Amino acid sequence: MEARHWKPLDDKKVECGLCAHRCGITNGRTGICEVRKNKDGKLETTTYGVVSSMGPDPIEKKPLNHFMPGTRAFSFGSIGCNFRCDFCQNFSISQQYTKRGVKQVSPVEVPLLAQQYDCQSISWTYNEPTIWYEFTLEGCIQAHKARIATSYVTNGYMTEEALRELAPHLDAMNIDVKAFTDDFYKKFSKSKLQPVLDTCMLANELGIHIELVMLLIPGRNDAPDEIKKFSQWVLNDLSPDTPVHFSAFHPDYKVLDIDRTPTKLLDKAHGIAKDAGLRFVYMGNVPHRDEENTYCPDCGQLAIKRMGYYIMKMKHDDGKCTNCGASLNLVIDPFK
Ligand code: SF4
């Protein structure tokens, strides 16, 4: 099927405008993501409706702690990625480029599956959703028709034009900020930092609920000065209320020689972000810590007690603290 967001160049070459790579693709070849192909001077998507994994998850697993807390998200993933992170924590799906074992799903089935599994939202996750944009866009439109909310779990490399088109149909984004240096992005992900920051700022401006995740990899992106700069950027260019998750790395894919992130390193990052003035900071992949709970940033009252991906207790008044009335930046009903 013909792709969206591309333009023809000379000699049947095309330029894809879906992500910041803006691949120039010659006839018969694919872009970096390997799922968008130039066929006779037209760009086609080769993974429309191609689902490699799907199923219900707690929304907290995305992780989204402030978006419809305590509800379930029906999750869809396809194949491929536009990044080549050597530390990928999900490589069996995201670095898979064959269609072995996949299922074909139509957009109208998207909300039906969510309803069948008692899910209040759908989530495009497991692999990078941007690269099967056409299907995720149509799936989001169908979901909204059924009053099912929508979210993207993404590396944030989408172009401005693609995000502006998707935004009216997208309620939340969990965006990976993999590091706060361009060197890291170039060296370990074969990409650039600035487009990711631009996506975060545009999504925020367009009114999409965003939460950020930084996977802390010992020795690569954990310098206190880098965490401080990242936190100050969130504070100044996004909002002090933007939830930030520091997540623990485990050795995987091509990086087997770096140990799992020690908890003390996550503690340090958490402290730096709080000291910078961020109001909702979490730790990921280390369950049963106080830092998985949501506290009112003004009076300190416990609002949401979690155990891993599960809510043990929730106390708020339409997203506000029941003690002092401060906003907890919770999206309870995105259709309100
Ligand atoms: S979506 Fe794929 S083809 Fe398009 S610019 Fe990104 S990597 Fe290249």
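## Close-up views of a predicted model

View 1. Ile304 stands opposite Met314 in β18. This is a predicted model, in which local features need pLDDT of at least 70 and side-chain atom pairs count only at pLDDT 80 or more, while totals for chains, interfaces and linings use all residues. Residues are numbered from 1 along each chain as its sequence is written. Strands (E, at least two residues) and helices (H or I, at least four) are DSSP runs, numbered from the N terminus. Strand β17 (residues 302-307) pairs with β18 in the antiparallel sense over 4 bridges; two strands pair if DSSP finds at least two bridges between them. The two strands form a hairpin with 2 residues between them, and Gly308 in the turn has a positive phi of about 60 degrees.

**View 2. Strands β16, β17 and β18 make an open sheet.** The 3 strands follow the order β16-β17-β18, with antiparallel pairing. β16 and β18 stand at the edges with a single partner strand each, so one side of each has no neighbour in the sheet. Between β16 and β17 there are 2 bridges, and Thr294 stands opposite Ile304 in β17.

**View 3. A second open sheet holds β1, β2 and β3.** Here 3 strands are ordered β1-β2-β3 and pair antiparallel. At the edges are β1 (6-8) and β3 (24-25), each of which pairs on one side only. Strand β2 (residues 14-16) is joined to β3 by 2 bridges in the antiparallel sense; look for Glu15, whose bridge partner in β3 is Gly24.

**View 4. Twelve-residue names to find around the ligand are listed here.** The residues around the ligand are Cys16, Leu18, Cys19, His21, Arg22, Cys23, Gly31, Ile32, Cys33, Arg36, Asn82 and Ile131, each with its C-beta atom, placed from the backbone, within 6 Å of the ligand. By class, this shell divides into 7 nonpolar, 3 polar and 2 charged residues. Nonpolar covers Ala, Val, Leu, Ile, Met, Phe, Trp, Tyr, Cys and Pro; charged covers Asp, Glu, Lys and Arg; the others, Gly among them, are polar.

**View 5. Helix α2 meets helix α3.** The axes of α2 (residues 109-116) and α3 come within 7 Å and cross at roughly 55 degrees. That makes α2 oblique to α3, because angles under 35 degrees count as roughly parallel, over 145 as roughly antiparallel, 65 to 115 as roughly perpendicular and the rest as oblique. Axes are lines fitted to C-alpha atoms over the stretch in contact, and angles run from 0 to 180 degrees between N-to-C directions. Val110, Pro111 and Ala114 of α2 touch Gly139, Gln142 and Ala143 of α3 (contact means C-beta atoms, placed from the backbone, within 7 Å).

View 6. In the loop between β7 (53-58) and β8 (72-77) lies Pro63, and the peptide bond to Pro63 from Lys62 is cis, with omega near -5 degrees. Tyr126, in the loop between β10 (121-124) and α3 (133-145), has a positive phi near 70 degrees. Is Tyr126 buried or exposed? Tyr126 is buried, with 22 other C-beta atoms within 10 Å.

Terms used:
Buried ≥ 20, exposed ≤ 12 C-beta atoms within 10 Å, placed from the backbone. Contact = placed C-beta atoms within 7 Å.
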